[in-house]
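This report describes the architecture of one protein model. Please view the sequence and the structure together before reading on.

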Amino acid sequence: MRSALLVGAAMTYVPILKGKLGEFTALGHMASDVQAGVRPVLEVVPDGQVHDVLATFFKHACERLPEGLDLAVDCGELWRHGPVGGVWHGPPLSWLSEAFDQWMLALIPVFRPCDPDDALAEVRKVQRVHGCGAVMRVELASFPSDHSQASRTTARTLRRIALEPAEIDLLLDARQVEGRDRAIRCVPDVLTALRWARSASWRSVTVAAGAFPRSLRSLPRERLIRLPRWDIALWRKLASDCDGPTPDFGDYGITHPVMSVAPGRRAAPNLRYTLENSWIVSVASARHQGNDGFFVLCEQLEGAGLGPARVSSSSWGDSQLAVCARRQRPKAGRPADWRAWATSRHLAVTTAALEGRQGP
């Protein structure tokens with residue numbers, strides 16, 4: 001008998017997270033049962049407002065990551081946008097690899113089959129230093145219809161980084177599947193890619209997708225709105241239809257897959273509250289002093305009976321939202337805090353669901 005996801009399967013959750021303060025803070029507060037079920041991928045985010053993107057990423061990793069967490073790092077956006085920040089010069093993965101190695105942090109490089117030769121040379125160097133293999137990220141929108149071509153390209157790429165499939169976590173990325181029609185249209189292409197994946201003995205195979213909207217600015221203010229998690233719906237359909245092993249589940253957490261590299265406007269207080277099959281979202285109005293609108297959103301969530309009936313020991317974020325709902329802290333936090341609390345709950349709910357347990 002299946003639950004809303006898949007009962008009894010030893011699934012791993014692969015969250016693809018932006019490498020920012022809020023996400024690192026959430027990872028640092030994971031309960032042991034949550035940490036045991038996740039294999040995170042952190043994207044280094046280009047940000048013209050940060051003096052040194054790589055040094056900031058490394059600082060957050062050292063200060064906030066829990067012990068024993070192997071981290072896959074994706075510098076793909078830096079390769080596309082060029083040097084970012086005022087200090088970093090040279091290959092980004094090599095810089096992070098050396099810094100991580102000095103602090104005895106394990107780094108798993110992420111690459112794509114279409115990466116340029118100099119990027120693949122970095123991956124080869126990094127995986128030899130850390131000995132943890134690598135993650136091959138394949139965007140399904142550009143997956144070749146000719147599977148023999150895909151196999152040739154993959155074999156050539158793996159030779160360049162000196163790894164075998166058994167040392168590679170294969171990440172099949174469907175990107176954004178916001179909406180039922182988009183999720184349904186993805187299924188045949190993903191199933192085809194999964195059949196191709198069986199031609200090699202990968203260390204793991206994950207299907208990832210995102211469903212959170214790019215912006216909440218158009219939503220009516222201070223109304224609790226339910227958004228379906230189409231990424232979960234897609235994975236559930238794949239788990240039912242695939243004729244081989246069920247892939248691991250990956251998503252983009254409570255963010256959109258596309259990174260924003262341009263300076264944005266100051267974010268209004270907003271709530272992103274994960275349930276097993278949906279999110280409850282709300283945006284505060286401008287009538288409140290400072291960020292006090294976040295208090296109001298948490299009060300509304302609890303008053304509607306949608307907040308946690310109990311504070312889960314697996315979700316540090318739940319405890320922080322409960323404190324805000326009761327105004328038991330002097331300030332309502334800032335955007336990095338809201339992102340950390342929401343991501344913490346998202347990680348706990350998703351890992352619990354994949355294990356067949358009732359989420360917090």
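## Basis of the description

The model is predicted: local features need pLDDT of at least 70 and side-chain atom pairs count only at pLDDT 80 or more, while totals for chains, interfaces and linings use all residues. Residues are numbered from 1 along each chain as its sequence is written, and side-chain values use heavy atoms, with hydrogens and water left out.

Helices (H or I, at least four residues) and strands (E, at least two) are DSSP runs, numbered from the N terminus.

## The barrel

Eight strands form a closed barrel in the order β1-β2-β3-β4-β5-β6-β7-β9, with parallel pairing; two strands pair if DSSP finds at least two bridges between them. From one strand to the next, the twist averages 25 degrees.

Strand β1 (residues 13-18) is joined to β9 (residues 248-251) in the parallel sense over three bridges. Three bridges also link β1 to β2 (residues 41-43), and these two strands run parallel. In this pairing Ile16 stands opposite Val41 of β2.

Six of the six residues of β1 are buried, so this strand is largely enclosed by the rest of the structure. Buried means under 20% relative accessible area (1.4 Å probe, protein chains only). Tyr13, Pro15 and Leu17 point one way from β1, whereas Val14, Ile16 and Lys18 point the other way.

## Nonpolar cores

A nonpolar core is a set of buried Ala, Val, Leu, Ile, Met, Phe, Trp, Tyr and Cys residues joined through side-chain atoms within 4.5 Å. The largest one holds 79 residues, of which Val44, Phe57, Leu96, Phe111 and Ile168 touch the most other members. Helix α8 (residues 180-197) gives the most to this core, with nine residues. Apart from this core lies another, of 18 residues, including Leu271, Ala284, Phe295 and Ala332.

Not counting residues up to four places away in sequence, Phe57 has contacts (heavy atoms within 4.5 Å) that include Phe24, Leu42, Val44, Leu71, Val73, Leu96 and Phe100.

## A helix pair

Helices α11 (residues 316-325) and α12 (residues 335-354) pack at about 130 degrees, with their axes 7 Å apart. The axes are lines fitted to C-alpha atoms over the stretch in contact, and angles run from 0 to 180 degrees between N-to-C directions.

Among the residues where the two helices meet are Trp316, Leu321 and Cys324 in α11 and Ala340, Trp341 and Arg345 in α12.

Note on methods
Buried < 20%, exposed > 50% of the residue type's maximum accessible area, 1.4 Å probe, protein only.
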